Amino acid sequence: MNKVSGILMVALTTVLLASTSIGSVSVEEAIKKRIAMFKSSGENIKKLNKLIRASDVSRAIQLVNFHVTWSEDMALLFPLGSEASTSNGSDASSDIWGNPTGFKNAIKQYNLTSASLRESLRSADSASINEAFKSFVGTCKSCHKQFRN
């Protein structure tokens, strides 16, 4: 059952990332895709935590690949005008657009910690994996604290 859910998560992630058209996404579509990606990200992190605790490195690497890719594409789903409102369901803080350099740096940190976690998983060193996972989750929390309503 866990293997099937892991495969489904990877497939869903692939579909979501593939459906993220870089060029001509409307503000409404960007918000919908962004919300879906963050939901997938949260579910993925919970599964990733379980896989790391179970020492299932190969499946954990598959899941962390989602975060590396998502961190590379994330900024594309924050066009001007897509901040939170009572009608769009977004939690995006206006600080994203008020401090674009800070937001881009936070995304870069997410990318770096995702890639670092993947490298730690490839090394199969449990201490390194645990430290990299802690740093990775801390990066997510830090960004959400600053850039999420």
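Modeller: Here is a quick tour, topic by topic. Keep in mind that this is a predicted model.

Biologist: Start with the fold. How many helices and strands are there in the chain?

Modeller: The chain has six helices and zero strands. From the N terminus on, the order reads α-α-α-α-α-α.

Biologist: What share of the residues counts as buried?

Modeller: Of the 149 residues, 38% count as buried.

Biologist: And the contacts? What share of those between residues at least 6 apart joins residues at least 24 apart?

Modeller: That share is 71%.

Biologist: Which one gives the most?

Modeller: Helix 2, with eight residues.

Biologist: How does the lining split by class?

Modeller: There are 15 nonpolar residues in the lining, plus six polar and six charged.

Biologist: Charges next. How many salt bridges does a search of the whole structure find?

Modeller: Three. As background, side chains of opposite charge can pair when their charged atoms come close.

Biologist: Arg148 was on your pocket list. Which residue does arginine 148 form a salt bridge with?

Modeller: Aspartate 91 is the partner of arginine 148, with the closest N and O atoms 3.4 Å apart. This pair links distant parts of the chain, 57 residues apart. Arginine 148 sits in the segment after helix 6, and aspartate 91 in the loop between helix 3 (57-73) and helix 4 (95-98).

Biologist: What about the bridge of glutamate 119?

Modeller: Glutamate 119 pairs with arginine 122 at 2.9 Å, N to O. Both lie in helix 5, three residues apart, which is about one turn of the helix. Glutamate 119 is partly exposed at 44% relative accessibility, and arginine 122 is partly exposed at 48%.

Biologist: And which residue does arginine 59 bridge to?

Modeller: Aspartate 56, with the closest N and O atoms 3.2 Å apart. Aspartate 56 has a relative accessible area of 21%. It counts as partly exposed because the buried class is for values under 20%.

Biologist: Let's go to the end of the chain. Where does asparagine 149 lie?

Modeller: Asparagine 149 is in the segment after helix 6.

Biologist: Which residues does asparagine 149 contact, leaving aside its neighbours within four places in sequence?

Modeller: Asparagine 149 is in contact with Ala84, Asp91, Ala92 and Ser93. Asp91 is also the salt-bridge partner of arginine 148.

Biologist: How far is asparagine 149 from alanine 84, C-alpha to C-alpha?

Modeller: The two are 7.7 Å apart in space and 65 residues apart in sequence.

Biologist: What lies 3.3 Å from a polar side-chain atom of asparagine 149?

Modeller: The backbone oxygen of alanine 92.

Biologist: Is asparagine 149 buried or exposed?

Modeller: Exposed, with a relative accessible area of 61%.

Biologist: Give me a contrast. How about serine 114: buried or exposed?

Modeller: Serine 114 is buried, at 0% relative accessible area. This residue belongs to helix 5. Not counting residues up to four places away in sequence, serine 114 touches Val64, His67, Val68 and Phe136.

Biologist: Where is serine 55 found?

Modeller: In the loop between helix 2 and helix 3. Serine 55 is exposed, at 58% relative accessibility.

Biologist: And what is the phi of alanine 124?

Modeller: Alanine 124 has a positive phi of about 60 degrees, and it is not a glycine. Alanine 124 lies in the loop between helix 5 and helix 6. At 53% relative accessibility, alanine 124 counts as exposed.

Methods:
Residues are numbered from 1 along each chain as its sequence is written. This is a predicted model: local features need pLDDT of at least 70, side-chain atom pairs count only at pLDDT 80 or more; totals for chains, interfaces and linings use all residues. Side-chain values use heavy atoms; hydrogens and water are left out. On a 1 Å grid over the protein atoms alone, a cavity is a set of points where a 1.4 Å probe fits but cannot get out, and a pocket is an open set with protein on both sides within 12 Å along at least five of seven lines; lining residues have an atom within 4 Å of a point. Helices (H or I, at least four residues) and strands (E, at least two) are DSSP runs, numbered from the N terminus. Ala, Val, Leu, Ile, Met, Phe, Trp, Tyr, Cys and Pro count as nonpolar, Asp, Glu, Lys and Arg as charged, and the others, Gly among them, as polar. Buried means under 20% relative accessible area, exposed over 50%, partly exposed in between (1.4 Å probe, protein chains only). Contact means heavy atoms within 4.5 Å. A polar contact is a pair of N or O atoms within 3.5 Å; within protein, one must be able to donate a hydrogen and the other to accept it, and residues adjacent in sequence count only if both atoms are side-chain atoms. A salt bridge is a side-chain nitrogen of Lys or Arg within 4 Å of a carboxyl oxygen of Asp or Glu.
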